[in-house]
Amino acid sequence: MKSCSIILILLTMFGTSAVCQENQSVTLKGKIRDHKSKMPLAAQIKIIYTDSQLNTQESNAKGDGSFELKTFPKQCVFQAKTDGYIVSNVLLNLDNLSESTAFVEIPLVFNGKSKINQLLLEFSEQKKEKEDEKDNGIPKNKQVFQAVDAIENKAIPAQFRLTGSYKNNVINKTTSREATVFDHNFTEREHLMVEVIAEGYQKFLSEIDIETFDETVHENTAKLIKKISFLNLIIKNEANLQNVNVFEVANGTQKQIVLSKTNEMYLGQLKTGGSYKISINSNTDKEVVREFLAVEGINQVLMVLDPKQQKQVSLSERPTQILPQTKVVTVEKQAYTAEKKAFSLESKTLFFDQSSYALKPESKQILEEISKQLIDSPDVNIEITGYADNVGDARQNQYLSEFRAKVISSFLFNKGINDKRIKLKGNGGKQADSDTEDARQRNRRVELRFYAPNP
């Protein structure tokens, strides 16, 4: 292996000074997507610098989820939020970049309606029985807290910090795997800043107003999103490149990472703290392998291939090309009439679980058949209408109905159905009959209607 023919710089792993100087700017590009369906999302963006002397920056991701903004080469928190989703706060070390352009792809997690948390209710009931025995008659506001993984919905150990705005009181609490819940009784009005930290997760920030003092138990579930790591792999003198692969290495096995390519670099999603291996082959070198640990935020890797040209082969060294013999055959032309397939799709209804927009296995089977028939019937379009029950916040029900329709649209699009043939709408929880559980189950649905467009 020629050690002088390739340069590898892992700027996120070493304490070297950044190539981007203080007086330069960084161009930050990327996309915002739904973490499950991968559909692009329009969103509000805020850059919050850890250096308090710098003002925050605000921008927006467009309808296709894309954004591009110029920012300072400083450590910052990239915040993305849009209605119906949990706010994402990603730490970015923009002061450790070799190039002045960086790419990120931010997945947002849908904030569906929370089911009744039985664990919190049981905890508060047990505490209430003990407190009633020594109740001194002072009105109180009971707040119960728990941290969960936003995707898996499992309780996780976390550190809570509650800071009061009126009296500057600070409450610090830590939950564990054994004791995942804690509560606190407030006896005076207060505006609380809630900060939740858990290992391997983004910082959670929220606010609570303490205004009423009665027997109501106020449930607070902090939904935490795992930290995100991005690969920005930059290869110079790419004309000599043969192939590039990135693998996650764990427990003696290797899992290949899916890479996407822009004009400037190769992009990939990594697991924060994971071990990775980059393998490249070029025309002038043997295989070059480098390993690194993924840090939170941007992992920018610069590889410079040797600019030497591939060995030239003289004409005398080239193998003689033997042309195959050809034979001329006359083919009689025949008339061909395309068979027109009859369209026989009937309206369909697909059902969902409460507060969910995930497709059930039986729904996927139905959509597989529908996509095949739509491909065979290019003159037929589809109208997808999402619904929800009437439990909870009406605005969240509207979002849920729309995303149920979008998930089905995304499924059909990925099967080759042009999005111009798909019409979407969400009707929320505006159903005439939602008084019983059976009726509410029937309203957690999406209706598919097929029609021929007007000539």
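The model is predicted, and local features need pLDDT of at least 70, side-chain atom pairs count only at pLDDT 80 or more, while totals for chains, interfaces and linings use all residues. Residues are numbered from 1 along each chain as its sequence is written, and side-chain values use heavy atoms, with hydrogens and water left out.

## Strand S25 and Thr 385

Thr 385 is found in strand S25, which covers residues 381-386; helices (H or I, at least four residues) and strands (E, at least two) are DSSP runs, numbered from the N terminus. Six of the six residues of S25 are buried, so the strand is largely enclosed by the rest of the structure, where buried means under 20% relative accessible area, exposed over 50% and partly exposed in between, with a 1.4 Å probe and protein chains only. Asn 381, Glu 383 and Thr 385 point one way from S25, whereas Ile 382, Ile 384 and Gly 386 point the other way. Thr 385 itself counts as buried, at 5% relative accessibility.

S25 pairs with strand S27 (residues 445-451) in the antiparallel sense over six bridges, and with strand S26 (residues 422-426) in the parallel sense over five bridges; two strands pair if DSSP finds at least two bridges between them. The bridge partner of Thr 385 is Glu 447 in S27 and Lys 425 in S26. Leaving aside neighbours within four places in sequence, Thr 385 is in contact (heavy atoms within 4.5 Å) with residues including Lys 425, Arg 445 and Glu 447.

## An open sheet

Four strands form an open sheet in the order S11-S10-S13-S14, and the pairing is antiparallel. Strand S11 (170-174) and strand S14 (204-210) stand at the edges with a single partner strand each, so one side of each is left without a neighbour in the sheet.

Within this sheet, five bridges join strand S10 (residues 159-164) to S11, and the bridge partner of Phe 160 in S11 is Lys 173.

## Aromatic pairs

The structure holds seven aromatic pairs, counted when the centres of Phe, Tyr or Trp rings (for Trp, the six-membered ring) lie within 6.5 Å, with planes under 30 degrees apart called stacked, over 60 edge-to-face and the rest tilted. Phe 145 and Phe 182 form a stacked pair, 5.0 Å centre to centre with 15° between the planes. Phe 145 lies in strand S9 (residues 141-149) and Phe 182 in strand S12 (residues 181-186), so the pair ties together parts that are 37 residues apart in sequence. Both Phe 145 and Phe 182 are buried, and ring pairs link Phe 145, Phe 160 and Phe 182 into a cluster.

## Nonpolar cores

A nonpolar core is a set of buried Ala, Val, Leu, Ile, Met, Phe, Trp, Tyr and Cys residues joined through side-chain atoms within 4.5 Å. The largest has 52 residues, and Ile 32 and Phe 78 are among those that touch the most other members. Helix H3 (residues 394-414) gives the most to this core, with eight residues. A second, separate core of 19 residues includes Ala 158, Leu 192, Val 196 and Ala 198.
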